[in-house]
Amino acid sequence: MRAWALMIALAMPAAASAHEVWVERDGNGPARIYLGEPAEPMPVGGDPEFKNLVTPTIVGQAKVRQARRTGYIEAMVAPGDVRVTDDSVFKPWGEAGAKEGVIYYARAGRSEAATRMAYEIAPLAAGTNRFALRHAGKPVGGAKLTLVTPDHRSVELSAGADGTVTVPIAGKGRYLLSSAQVETGKLRVAGGPVDKLHHVATTTFFVR
């Protein structure tokens, strides 16, 4: 039996717990896939852990051309919202029988309400400021989310019993929502079997 609990991944190693994968996109141009700390200014030359982001999977799109830039991966994706997942950024850690791993789910855009990843923060309707954290397509009631505003402030949000949350908009720029969940059981990531799996999701959108 698998047990689920919502939490921020405080039990993760320093590098993994502080870092997230997120995607940004301007219109229908290339997507930019980042690994770092979205609430902090990007270090010159990119985040030191960026080297661990090697081959993220673009969900629903095959043979996407990816180019490594300074601090991000540029992906030539199809028009519309972009979804990325990666379970190989950090190798499993911990002792035998208590191994832990992490899988990242990142989305850019709010043009559609549908979800395509196992764990995703999606708008309730196209263009809305109301979102739901969804697991296997179903909203997670009482979910805890963090909002990073365009001026890099972090705001803690709590979803209602119906799993929805309203994002307070205060100015133009990039908004980023993140949330984390832990699953226990006999599980696996790219680096091997784990007993605890941290699921970390982000969604970004721009207000112009």
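Four strands form an open sheet in the order E2-E3-E6-E5, and their pairing is antiparallel. The edge strands are E2 and E5 (66-68), each of which pairs on one side only. From one strand to the next, the twist averages 25°. Such angles run from 0 to 180 degrees between N-to-C directions, and the axes are lines fitted to C-alpha atoms, for helices over the stretch in contact. Strands (E, at least two residues) and helices (H or I, at least four) are DSSP runs numbered from the N terminus, and two strands pair if DSSP finds at least two bridges between them.

The model is predicted: local features need pLDDT of at least 70, side-chain atom pairs count only at pLDDT 80 or more, and totals for chains, interfaces and linings use all residues. Residues are numbered from 1 along each chain as its sequence is written, and side-chain values use heavy atoms, with hydrogens and water left out.

The sheet may now be followed strand by strand. Strand E2 (residues 20-25) runs antiparallel to E3 and is joined to E3 by six bridges. Within this pairing, valine 21 stands opposite leucine 35 in E3. E2 and E3 form a hairpin with five residues between them. Glycine 27, in the turn, has a positive phi of about 60°. On to the next neighbour: E3 and strand E6 (residues 73-75) pair in the antiparallel sense over three bridges, and alanine 31 stands opposite alanine 75 in E6. E5 and E6 also pair in the antiparallel sense, over three bridges. Here the bridge partner of arginine 68 is isoleucine 73 in E6.

How many of the residues of strand E3 are buried? Six of the six residues of E3 (residues 31-36) are buried, so this strand is largely enclosed by the rest of the structure. Buried means under 20% relative accessible area, exposed means over 50%, and partly exposed lies in between (1.4 Å probe, protein chains only). Ala31, Ile33 and Leu35 point one way from E3, while Arg32, Tyr34 and Gly36 point the other way, and all are buried.

Aromatic rings provide further contacts. Rings of Phe, Tyr and Trp (its six-membered ring) pair if their centres lie within 6.5 Å; planes under 30 degrees apart count as stacked, over 60 as edge-to-face and the rest as tilted. By this rule the count comes to five aromatic pairs. One of them is the stacked pair of tryptophan 22 and tyrosine 34, at 5.2 Å centre to centre with 10° between the planes. Because tryptophan 22 lies in strand E2 and tyrosine 34 in strand E3, the pair ties together parts that are 12 residues apart in sequence. Both tryptophan 22 and tyrosine 34 are buried. Another pair, tyrosine 105 with tyrosine 119, is edge-to-face, at 5.8 Å centre to centre and 70° between the planes. This pair links distant parts of the chain, 14 residues apart: tyrosine 105 belongs to strand E8 (residues 100-108) and tyrosine 119 to strand E9 (residues 119-123). Tyrosine 105 is buried, with a relative accessible area of 6%, and tyrosine 119 is buried at 1%.

Lysine 63 has a phi near 55°, a positive value in a residue other than glycine. Lysine 63 lies in the loop between strand E4 (57-58) and E5, and is exposed, with a relative accessible area of 87%. Alanine 136 also has a positive phi, about 55°, although it is not a glycine. Alanine 136 is found in the loop between strand E10 (130-135) and strand E11 (138-139), and counts as exposed at 56% relative accessibility.

The last topic is a pocket. On a 1 Å grid over the protein atoms alone, a pocket is an open set of points with protein on both sides within 12 Å along at least five of seven lines, and lining residues have an atom within 4 Å of a point. The second largest pocket has a volume of about 250 Å³. Its lining consists of 14 residues, of which Arg25, Gly27, Asp81, Gly109 and Arg110 lie nearest its centre. Which strand gives the most to the lining of this pocket? Strand E16 does, with three residues. E2 and E16 (192-207) each supply at least two residues of the lining. By class, the lining has three nonpolar, six polar and five charged residues.

Conventions:
On a 1 Å grid over the protein atoms alone, a cavity is a set of points where a 1.4 Å probe fits but cannot get out, and a pocket is an open set with protein on both sides within 12 Å along at least five of seven lines; lining residues have an atom within 4 Å of a point. Grid points are joined across faces, edges and corners, and a volume is the space filled by probe spheres set on the points. Ala, Val, Leu, Ile, Met, Phe, Trp, Tyr, Cys and Pro count as nonpolar, Asp, Glu, Lys and Arg as charged, and the others, Gly among them, as polar.
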